[in-house]
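Let's take a friendly walk through this model, starting with a pair of helices and moving on to one residue and the nonpolar cores.

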Amino acid sequence: MSFSEMTNIALMQGFAGLSLFAVLLLMGLGLAIIFGQMGVINMAHGEFMTVGAYTVFMFSTLVESSFPALMPYYFLVSIAVAFVFAFALGWVVEWALIRHLYKRPLDTLLATWGLSLGLQQVFRSVVGPKEVSPTLPEWLMGSWSPSEGLDIPINGLFVLGLAALVTAGVLLALYRSRWGLRVRATVSNRVMANAIGINTRKTDRLTFAIGCGVAGVAGAAFTTIGSTGPTSGSLYIVDSFLVVTFGGAASLLGTVASAFGIAQTQSISEFFLTGSMAKVLTLSLIVVILMMIRPQGLFASKVRR
């Protein structure tokens, strides 16, 4: 094998890591908002991703059977609808369940784990136990070849661009909007935020719903690189928590950096090792770094004493 061929293979493997990075980043962003900003351990976060993925599948089936002329356009619309569905479900879950369990992390963990199992059963009953895939529009198919022997999938480029757009939107909303100001005030000092007139209950509900909506967008992006089943979201929940913990629970910048590092380490390791050994290697590196170098994560939040 020539040097150029090895270089092309390494580049394509690295880009495969970027596709995984995009999905982990979108999942991690939702968790960073919920876990990092609110301290809620949401074990059902993966199921909100599945809601987004199934939304795209349902749209694909409907459009393909009834409105085939709209196939080139349905995917972008379905991403927005996936956010809305996951947002609405998150709003209801916070109102019905989460708001009663604040400052009770163990109870929240058990309750959301039960919610996760319940939603998986709903998916099996409504959609079916088999994995499904939407029919993607033609503009998402194929690959881009910047040089001979190097093929970069167009769907991977799209997912990467979507992740960058959503990340920029979340950062802009968190630091340049009234909602972001209320969130940061509530995180900093909830009692004082209530005293100056901020409705912290409403802020919590909106924050939880937005985090779930971002997970729905992650599910929509996931449909371009994999098939969806009732347990697809749960397969990513551990990696998503690793992204948030490794990056720093309250740092969105840390979420971006840790998602990139974990995705690239796992993707490149899979080229030389088996998938399970690549996961073991990635987890071992994270544990060593957290124990010996950065116990608070890559980007620990600064506090005043």
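In this predicted model, helix H2 (residues 45–66) packs against H9 at an angle of about 125°, and their axes lie 8 Å apart. On the H2 side, the contact is made by His45, Gly46, Glu47 and Met49, while H9 brings Ser234, Tyr236 and Ile237.

Helix H9 spans residues 234–247 and also holds threonine 245. Leaving aside residues up to four places away in sequence, threonine 245 touches Leu290 and Gly297.

| Pair | What is compared | Distance |
|---|---|---|
| Threonine 245 and leucine 290 | C-alpha to C-alpha | 9.0 Å |
| Threonine 245 and phenylalanine 241 | side chain to backbone oxygen | 2.8 Å |

In sequence, threonine 245 and leucine 290 are 45 residues apart.

Now for the nonpolar cores. The largest has 63 residues, and Leu24, Phe75, Val166, Phe208 and Tyr236 touch the most other members. Helix H1 (residues 3–38) supplies the largest share of this core, 15 residues. Apart from it lies another core of six residues, including Tyr54, Phe57, Leu119 and Phe123.

Leucine 24 touches Tyr236, Asp239, Val243, Ala259, Ile262 and Ala263, again not counting residues up to four places away in sequence.

Notes. Residues numbered from 1 in each chain as written. Predicted model: local features only at pLDDT ≥ 70, side-chain atom pairs only at ≥ 80, totals over all residues. Heavy atoms only, no water. Helix = DSSP H or I, 4+ residues; strand = E, 2+ residues; numbered from the N terminus. Contact = heavy atoms within 4.5 Å. Polar contact = N/O pair within 3.5 Å; in protein donor to acceptor, adjacent residues only side chain to side chain. Core = buried A, V, L, I, M, F, W, Y, C linked by side-chain atoms within 4.5 Å. Buried < 20%, exposed > 50% of the residue type's maximum accessible area, 1.4 Å probe, protein only. Axes fitted to C-alpha atoms, helices over the stretch in contact; angles between N-to-C directions.
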